[in-house]
Amino acid sequence: NRRAKQLETVTLGMGCFWGPESQFGQYPGVIRTQTGFSGGTSPDPTYRNIGDHTEVVQIVFDASLMTYEDILNIFWDSHDAFKDRYYKERQYISLLIVHSTEQLGKAEKVKKERENRYGKQIKTDIQYDLPFYPAEDRHQKYFLKRFDKATASLFPLFSDHKSFVHSTIAARLNGFVRENGRLDNIKDEISDWQLTKEAETILRETLRDIRW
Ligand code: MHO
């Protein structure tokens, strides 16, 4: 795989962050996913002390495989951004953090196209490059961690919990356990991940253990 990667970050609030982390984890253009909090002003947000922040998923994607517009369309297709009010103040609002003026321009354009298509105003709160605070470990790769055996065999492949969370493998499997993504596609990708033979064997066994 000699293609030059073009890494870009996107930060999305679309309800409880467990779901979107799993959903976006399936796409071959997605390199890494992480849950967290953003969009507010209160210092050091946590799940129990979220203040005026919103649950978000932060995604690093490869723009040579998937465009920012693709991500925006998946984002707006996958939650109701036409509502004025959301359950629990700002915790579950529709939020888009843009990380560059280029992203802002594209976001405005896609938003307008969709508003014309649906004849309704999109209420997504669009903010410029606000800080992202990672959520607690237990909220990272939440659905994958429901599979005790799979998690136990994957953990030793990583030096620490953070590198597990940041891995493409964990992102894909966290999608896969929720029926996001296909087993064949993941198997095809495994050789791109430059794993050791041992790690590859563990991963193939883990895949066999989960979902069925
Ligand atoms: N426990 C909540 C949502 C969790 S999400 C991390 C529920 O299932 O209603 O906000």
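Contact here means that heavy atoms lie within 4.5 Å of each other. The model described is a predicted one, in which local features need pLDDT of at least 70 and side-chain atom pairs count only at pLDDT 80 or more, while totals for chains, interfaces and linings use all residues. Residues are numbered from 1 along each chain as its sequence is written, and side-chain values use heavy atoms, with hydrogens and water left out.

Secondary-structure elements are DSSP runs numbered from the N terminus, helices (H or I) having at least four residues and strands (E) at least two. Gln23 belongs to helix H1 and is buried, with a relative accessible area of 18%, where buried denotes under 20% relative accessible area, exposed over 50%, and partly exposed the range in between (1.4 Å probe, protein chains only). When neighbours within four places in sequence are set aside, Gln23 is in contact with Met14, Ile74, Ser78 and Asn180.

An oxygen atom of the ligand lies 3.3 Å from a polar side-chain atom of Tyr47, and for Glu55 the distance from an N or O atom in its side chain to an oxygen atom of the ligand is 2.7 Å. A polar side-chain atom of Tyr92 is placed 2.6 Å from an oxygen atom of the ligand.

Asp62 is located in strand E3 (residues 54-62) and is buried, its relative accessible area being 0%. A polar atom of the Asp62 side chain lies 3.0 Å from the backbone nitrogen of Gln6. Beyond residues up to four places away in sequence, Asp62 touches Arg3, Lys5, Gln6, Leu7, Gly29 and Ile31.

Ala81, in the loop between helix H2 (68-77) and strand E4 (94-98), is likewise a buried residue, with a relative accessible area of 3%. Residues up to four places away in sequence aside, Ala81 touches Trp76, Tyr86, Ser94, Gln121, Ile122, Lys123 and Thr124. Ala81 and Asp44, 37 residues apart in sequence, are separated by 27 Å in space, C-alpha to C-alpha.

Helix H6 (168-176) is mostly covered, nine of its nine residues being buried, and these residues include Ile169, Arg172, Asn174 and Phe176. The cover over the buried residues of H6 includes helix H1 (18-25), strand E2 (30-38), H4, helix H5 (161-165), H7 and H8. In H7, the buried residues are Leu183, Ile186, Glu189 and Ile190. Seen down the axis of H7, these residues fall within an arc of 125° (taken from the directions from the helix axis to the C-beta atoms), so they line one face of the helix. An α-helix has 3.6 residues a turn, so residues three or four places apart point the same way. The buried residues of H7 pack against H6 and H8.

The loop between helix H7 (183-190) and helix H8 (197-209) contains Leu195, which is partly exposed at a relative accessible area of 24%. Leu195 touches Ile169, Ile190, Glu200 and Leu203, not counting residues up to four places away in sequence. Gln194, found in the loop between H7 and H8, has a positive phi of about 50° although it is not a glycine, and Gln194 is exposed, with a relative accessible area of 73%. A positive phi of about 50° is also found at Lys141, again not a glycine, which is situated in the loop between strand E6 (133-134) and helix H4 (148-154). Lys141, however, is buried, with a relative accessible area of 0%.

How values were computed: Polar contact = N/O pair within 3.5 Å; in protein donor to acceptor, adjacent residues only side chain to side chain.
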